Structure formats: C-alpha cells, structure tokens
Amino acid sequence: MACIRAPRSVRSSTDDIKADSTRNIVQIYTDWANYYLERGGSKRRVSDLQADLCDGVLLADLVEAVTNQKVIDVNRKPKSVQQMVSTISSITLRFLSTS
C-alpha cells in the first residue's frame, strides 16, 4: 500500500510553521527568564537559552530569582566542563528537588 504524501510546497510550509512555533516558544522562555533575572537584580540576561545556561551559573541566578532563595555552593567561574556539570546537577537540580 502506497503512502500518500503532501506536495512539497505543503510540506515545506508545515516545516516553516513548526520552526516558527519553536522560535516563538524559545522566545517566550527567554523573555520569562529575563523578566525574573531583572526582577531578582541580576545584571546578566539570556539571549540564547542553550548557550547562556550551559555553565549553570545563570541558571542558578534564575532559580534564585524565581524562588527568592539562595542557591549555595555555586562555582561562579567554572573552568571545566566537569565544574559546569557539577553546578547544574549537584547544586541547582538538587536545590529544585528539595524546594
């Protein structure tokens, strides 16, 4: 049994709609994060969610701003991937699971 496929122009427009939707969702989360960072007094802002939150430092700032609680033992200047992962997993995520 053959599968009926939409014409290429329809598939392309569907892909464009999905890409636009993804960009809109990412922008909503970026705006949300920046709102709380500003409200929490942070001077840093998110421009690229993946890149800016990858070391865990800005993520910890965001968690502090949203919860109004201090995230302790954050390595504010991680120099290695291991330090970044440690900040994210053992500090920030542990903080979220106990709150």
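1. Buried means under 20% relative accessible area, exposed means over 50%, and partly exposed is in between (1.4 Å probe, protein chains only). This is a predicted model, so local features need pLDDT of at least 70 and side-chain atom pairs count only at pLDDT 80 or more, while totals for chains, interfaces and linings use all residues. Residues are numbered from 1 along each chain as its sequence is written, and side-chain values use heavy atoms, leaving out hydrogens and water.

2. Next, the rings. The whole structure has 2 aromatic pairs (rings of Phe, Tyr and Trp, its six-membered ring, with centres within 6.5 Å; planes under 30 degrees apart are stacked, over 60 edge-to-face, the rest tilted). Tyrosine 35 and tyrosine 36 make an edge-to-face pair because their ring planes sit at 85 degrees, with centres 5.1 Å apart. Ring pairs join Trp32, Tyr35 and Tyr36 into a cluster.

3. How covered are these three? Tyrosine 36 counts as buried because its relative accessibility is 19%. Tyrosine 35, at 48%, counts as partly exposed, and tryptophan 32 counts as partly exposed at 40%. Tryptophan 32 belongs to helix 1.

Terms used
Helix = DSSP H or I, 4+ residues; strand = E, 2+ residues; numbered from the N terminus.
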